[in-house]
Protein chains: 2
Amino acid sequence: MQTAITPTRKDNYPQWYQEVIIAADLAQLSPVRGCMIINPWGYAIWEKIQRNLDDEIKARDHENIYCPLLMPLSHIERESEHIDGFAKECAVVTHSKLKKNDDGNLVPASPLEEPLIIRPTSEMIIGDVFAQRIQSHRDLPVLLNQWANIMRWEMRTRMFLRTSEFLWQEGHTAHANANEAQQHSQEMLQCYYTFCKDYLAIPVVTGEKSKNEKFPGAEITYTIEAIMQDKKALQMGTSHYLGQTFSKSCQIQFQDANKKLQYAYTTSWGVTTRLIGGLIMTHADDDGLICPPNIAPYQVVIIPIYKKDQPSDQLLSYCKKIQKSVQSKSFKHAKIRVKVDMKNKKHGEKKWSWVKKGVPIRIEVGQKELENQSVCLSLRIEDTRTKHQLSEAELLNEVESLLNKTHDELYQRASARLEDGACPLLESSEAVREHFCTENPSPALIYWCDNDKIEQQLQDDYKVSIRCYPDAHIFPHPTESKSLFDGQKKGRLALIAKAY
Amino acid sequence: MQTAITPTRKDNYPQWYQEVIIAADLAQLSPVRGCMIINPWGYAIWEKIQRNLDDEIKARDHENIYCPLLMPLSHIERESEHIDGFAKECAVVTHSKLKKNDDGNLVPASPLEEPLIIRPTSEMIIGDVFAQRIQSHRDLPVLLNQWANIMRWEMRTRMFLRTSEFLWQEGHTAHANANEAQQHSQEMLQCYYTFCKDYLAIPVVTGEKSKNEKFPGAEITYTIEAIMQDKKALQMGTSHYLGQTFSKSCQIQFQDANKKLQYAYTTSWGVTTRLIGGLIMTHADDDGLICPPNIAPYQVVIIPIYKKDQPSDQLLSYCKKIQKSVQSKSFKHAKIRVKVDMKNKKHGEKKWSWVKKGVPIRIEVGQKELENQSVCLSLRIEDTRTKHQLSEAELLNEVESLLNKTHDELYQRASARLEDGACPLLESSEAVREHFCTENPSPALIYWCDNDKIEQQLQDDYKVSIRCYPDAHIFPHPTESKSLFDGQKKGRLALIAKAY
């Protein structure tokens, strides 16, 4: 059977991924290496992610702010572990003008007294905001968030998954005690878990990162990990309990109830445009993207079918009537988003463009449907040749449940990759070798205790990494047992996988 | 009478402006010269501006995209007039790493092969997007918009009005012919005019910029100009008809209906976080900001009044009951936004914080109001001592009209600065001298034809500039007459003023 995307997932998964991005008009490469242009359909998906997640963040009492893009070197240098973690990928601004040289070429001019870096993250500058806003324990907690662009000079880039510039949300909070701060970072991880489940239809494993994978400056990094169709893991978001690291380097202090000066405890947490990469690799198929209904820019598209250059007035007004009636129905507390595709293009071309973009429900309306006051409906989760004839009344009755069905179906398909047996427990190094030397190995579980040398060895031998120590309820194994590689030590149950 | 802001507008207008920003918690200076941190209340206002204007832009069929922050020098160099206009204020990225030098200090490392500039605007990169998306006349028009941060290295900065980094919206469109493109740039100017009127309660003069004030690369720049309380003009937004300048440098070509290759015609238009500066200087008074209801993060705040450490349960639930019932009412198609201020602070302190933040309606509820099931209401546009006792039913009946009244009152106050006689027509150079040598001169009108030398002279002598050629209907004078300074030439009616 012919597919809209060439190559297919089976033939060449990485290439298939790039082709889906082009076919669905999600993004394109830009003249700056490693930076992408996010096209209308890709950005519309990001806006849906952004608005819905923003509502969830605000519902938890956070306020949005905006901090500067640039930071003086001296400023970020105050926290050495942190800057060591980012020094190798910092874009540095050194001049504030351009001038023409003798050859007539533009060259940098007006060197700055102190170089500035483009933010790779904003802990150090939001630390100053905290220091200024916090005097007394009555000012705590302070719960902030920002939506911003971030720059990390990556060597190997791939659109959405790893780009030198990306868009993200970064939450930053300050608390009066360690316990409250740590709980808050876990609460926000839970917020991400629910968001992935309810909006992206992506099941994720929540857990704690191993020592080597911690954020530079964090005491604990929590993570959500999803398993893609090629069985590789993708880190979808992180939440950090930062302890007093940043409050000490940024002087975030408050007077407690006994008038004693204390350092605050902080957290930070973020998700990025990488979520769209995860969306593609979780839900797309050999015909293109499939959008989960909650973040689909349009949930329903109506395509008028006609032979002449223009649709008849009757056909057009029938399409608009259906649009209006479907728009009056709700899905998850929001009006259903419906587009009538009036582009001056061939009908097959239009149909396939919406298949590739992944709109959940396509409706075709021609002369026959006009006469019968019916519609011809296709679901993106079904085979592209499957069609359903529905009366207008049936459509209105069923549209909400068809969107629900789409969401549930996508979530089920993705969940199969995490179900019993999909992540086997490996109990010997022999078992590890056998498992990861197969083609496209699934993630697995081992009992692990931090060991830099073995971690590097696993990376070198099998290209796998410790993804996280999953939360207790997720897998049917005890969270602690004898460590696999250091038999004399206790190990924690760890998810190990190839990863993006 | 004591005021919340010191100094007052009369005593020191520029200093008053800075103090309002601090008192209302809108923004603060950052460690990078000329860049500000936008605090929660300021950012919440920006979000209201952004969401509402975004709806207006989308209602006109534009789609949002996101283009990279950085551009290679060779890329922007293709359009010489454009780059000449921005070369003096470009932040230049020259390195992609940091390393420690022998003294242990961080220094830039890994020089880039080609320097990159941080976008001062995005015409050149969106030109490439157009070139890629446009092949045939059937692809036109292409209507794009992006929300982004921008960097222009300014020498004299002032929060919101002129900052090295600012946030903005930049629309970019491509059309098949000159007429359609020019009309589109005017239509978007009209969109800004209506937005300022309906959302910001700011009357603006629409018009065309003089030759010297055109955007680098534009054929025509349209502008909206508002008059602040100190009678200086503020450019609130611009819309450019770019002709074929950028389509020629970026190769934006299409096949017309006769299969002939043509260059497209483009436009661009933007408004920035400067709108918040305009909001402050238009509506704030000696007690702080006054928010027009449409962009007020909260339109109503409820302050419980009690003597003990905690309000009684009855008082608290009465406050929440009022919050809920007011929230169920609408203002301009959106639910009214109501906050109950439960902060553990003194009641006077809370009241003044909301006065300074400019919430349109304050409601105080104490034991007496609880017993009478009433509220004590104050309007921000009235004297802070004026209070109204209303029953709960009266409150619900009147809240919408009180918000309308606030909007209208703010618009009326600002309009007075543009009414008959507020901008006199000056018909001799003597009259110009007399008018602009007074303290705080109002804007004025003259008949003007482009003349670089006299324009510079006016700037040197009176610190005034040609703001625009206002649209015909705005002032009661013919749009053309004998030029004031070049008597033998025809002049166009021009608005001349001191400006920010």
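**Two chains and how they meet**

In this predicted model, 52 residues of chain B are in contact with 52 residues of chain A. On the side of chain B that touches chain A, strand S5 (residues 92-100) of chain B gives the most, with eight residues. By class, this side of chain B has 32 nonpolar, eleven polar and nine charged residues. The copies meet through the same surface, because 100% of the interface residues of chain B are also interface residues in chain A.

Strand S5 (residues 92-100) of chain A pairs with S5(B) over three bridges, in the antiparallel sense. One pair to look for is A:His95, whose bridge partner in S5(B) is B:Val92.

Now consider the symmetry. Two copies of a chain are related by a rotation about an axis and a shift along it.

Next, look inside one chain. Chain A is divided into domain 1 (13-283), domain 2 (298-404) and domain 3 (429-497). The C-alpha centres of domain 1 and domain 3 of chain A lie 28 Å apart. Their contact takes 16 residues from domain 1 of chain A and 17 residues from domain 3 of chain A. On the domain 1 side, strand S9 (205-208) and strand S10 (220-227) of chain A are the elements that give two or more residues. S9(A) supplies the largest share, four residues. By class, this side of domain 1 of chain A has three nonpolar, five polar and eight charged residues.

Domain 1 of chain A spans 13-283, and strand S7 (residues 142-151) of chain A lies in that range. S7(A) is mostly covered, with seven of its ten residues buried. Two other strands pair with S7(A). Strand S3 (residues 63-64) of chain A runs parallel to S7(A) and is joined to it by two bridges. There, A:Glu63 has A:Leu144 as its bridge partner. Strand S8 (residues 165-175) of chain A runs antiparallel to S7(A), with ten bridges between them. Among the pairs is A:Ile150 with A:Phe166.

What about the core? In soluble globular proteins, nonpolar side chains tend to be buried together. The largest nonpolar core in this model has 296 residues. Those with the most contacts inside it are A:Val20, A:Val300, B:Val20 and B:Val300. Leaving aside its neighbours within four places in sequence, B:Val300 is in contact with B:Val326, B:Ile336, B:Val338, B:Ile361, B:Ile363 and B:Val399.

Finally, some backbone details. Most residues other than glycine have a negative phi, and most peptide bonds are trans. The peptide bond from A:Thr6 to A:Pro7 is cis, with omega near -5°. A:Pro7 lies in the segment before helix H1 (13-23) of chain A. In chain B, the bond from B:Thr6 to B:Pro7 is cis, also with omega near -5°.

Two residues of chain B have a positive phi. B:Asp61, with phi near 70°, lies in the loop between helix H2 (40-59) and strand S3 (63-64) of chain B. B:Asp61 counts as exposed, because it has 9 C-beta neighbours inside 10 Å. B:Lys259 has a phi of about 65°. Its place is in the loop between strand S12 (253-255) and strand S13 (261-263) of chain B. B:Lys259 counts as exposed, with 8 C-beta neighbours inside 10 Å.

Conventions
Residues are numbered from 1 along each chain as its sequence is written. Chains are lettered from A and ligands numbered from 1 in the order in which they are written. This is a predicted model: local features need pLDDT of at least 70, side-chain atom pairs count only at pLDDT 80 or more; totals for chains, interfaces and linings use all residues. Two residues are in contact if their C-beta atoms, placed from the backbone, lie within 7 Å. Domain bounds come from an automatic or database domain assignment. Ala, Val, Leu, Ile, Met, Phe, Trp, Tyr, Cys and Pro count as nonpolar, Asp, Glu, Lys and Arg as charged, and the others, Gly among them, as polar. A nonpolar core is a set of buried Ala, Val, Leu, Ile, Met, Phe, Trp, Tyr and Cys residues joined through C-beta atoms within 7 Å. A residue is buried if 20 or more other C-beta atoms lie within 10 Å of its own, exposed if 12 or fewer, and partly exposed in between; C-beta atoms are placed from the backbone. Two strands pair if DSSP finds at least two bridges between them.
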